[in-house]
Amino acid sequence: MLSQIMQKTLETIPADTSIVDTAEKMRQEKLGALLIERNGAFIGLLTDTDIVRKGVGAKKNLDQTTAEQLMTTTIPRSEEHTSELQSH
């Protein structure tokens, strides 16, 4: 069942893409997040929550704000999962 809802490919967008264009891609493709890339390397993750909190909530000009400016660069992790991985 999980495989039916999981996406097999990761969607990316260039770091200098405006938030307006990024949000439009997310809407059209029904995505909650995009990987942000620069020069072929992944540099962060931008979620719909990032756009709302860091963009709309902060009253940024979304035409002039880029995906890179709002993206998350650290991946939160659970200590529970970390210890499980380390024990194997």
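**Reading the fold and its helices**

Author: Among contacts in the protein between residues at least 6 apart in sequence, 45% join residues at least 24 apart. This is a predicted model, and it contains five helices and three strands. Along the sequence these elements follow the pattern α-β-α-β-β-α-α-α.

Reader: What is the mean pLDDT of the protein, and where is confidence lowest and highest?

Author: Where pLDDT is low, the predicted coordinates should not be read in detail. In this protein the mean pLDDT is 84, and 75% of the residues reach 70 or more. Confidence is highest in helix 4, at 97, and lowest in helix 5 (residues 79-86), at a mean of 46. Over residues 81-88 the pLDDT is below 50, and beyond near neighbours in sequence this stretch has one contact in the model.

Reader: Which residues form the largest nonpolar core?

Author: In soluble globular proteins, nonpolar side chains tend to be buried together. Here the largest nonpolar core has 12 residues: Ile13, Ala15, Ile19, Met26, Leu31, Leu34, Ile36, Leu46, Ile51, Ala67, Leu70 and Met71. Helix 2, strand 2 and helix 4 each supply at least two residues of this core.

Reader: Which residues of helix 2 are buried, and why do they line one face of the helix?

Author: An α-helix has 3.6 residues a turn, so residues three or four places apart point the same way. In helix 2 (residues 19-29), the buried residues are Ile19, Thr22, Lys25 and Met26. Seen down the axis of helix 2, these buried residues fall within an arc of 125°, so they line one face. The face turned away from the buried side carries the exposed residues Arg27 and Gln28. Just after helix 2, lysine 30 takes a positive phi of about 55°.

Reader: Against which elements do the buried residues of helix 2 pack?

Author: They pack against strand 1 (12-14), strand 2 (33-38), strand 3 (41-47), helix 3 (48-56) and helix 4 (67-70). Two residues show this in detail. Threonine 22, in helix 2, is buried with a relative accessible area of 0%. Leaving aside neighbours within four places in sequence, threonine 22 is in contact with Ile13, Thr17, Leu34, Leu46 and Ala67.

Reader: How many salt bridges are found in the whole structure, and which parts does the pair of glutamate 11 and lysine 25 tie together?

Author: Side chains of opposite charge can pair when their charged atoms come close. A search of the whole structure finds four salt bridges. In one of them, the side chains of glutamate 11 and lysine 25 meet at 3.8 Å, N to O. Glutamate 11 lies in the loop between helix 1 (2-5) and strand 1, and lysine 25 lies in helix 2, so the pair ties together parts that are 14 residues apart in sequence. Glutamate 11 counts as partly exposed, at 24% relative accessibility.

Reader: Where do arginine 27 and glutamate 24 lie, and where do glutamate 68 and arginine 38 lie?

Author: Arginine 27 and glutamate 24 both lie in helix 2, three residues apart, about one turn of the helix. Their side chains meet in a salt bridge of 2.7 Å, N to O. Arginine 27 is exposed, at 57% relative accessibility, whereas glutamate 24 is partly exposed, at 30%. The side chains of glutamate 68 and arginine 38 also meet in a salt bridge, at 2.2 Å, N to O. Glutamate 68 lies in helix 4 and arginine 38 in strand 2, so this pair ties together parts that are 30 residues apart in sequence.

Definitions and conventions
Residues are numbered from 1 along each chain as its sequence is written. This is a predicted model: local features need pLDDT of at least 70, side-chain atom pairs count only at pLDDT 80 or more; totals for chains, interfaces and linings use all residues. Side-chain values use heavy atoms; hydrogens and water are left out. Buried means under 20% relative accessible area, exposed over 50%, partly exposed in between (1.4 Å probe, protein chains only). Helices (H or I, at least four residues) and strands (E, at least two) are DSSP runs, numbered from the N terminus. The arc is that of the directions from the helix axis to the C-beta atoms. Contact means heavy atoms within 4.5 Å. A nonpolar core is a set of buried Ala, Val, Leu, Ile, Met, Phe, Trp, Tyr and Cys residues joined through side-chain atoms within 4.5 Å. pLDDT is the predictor's confidence in each residue, from 0 to 100.
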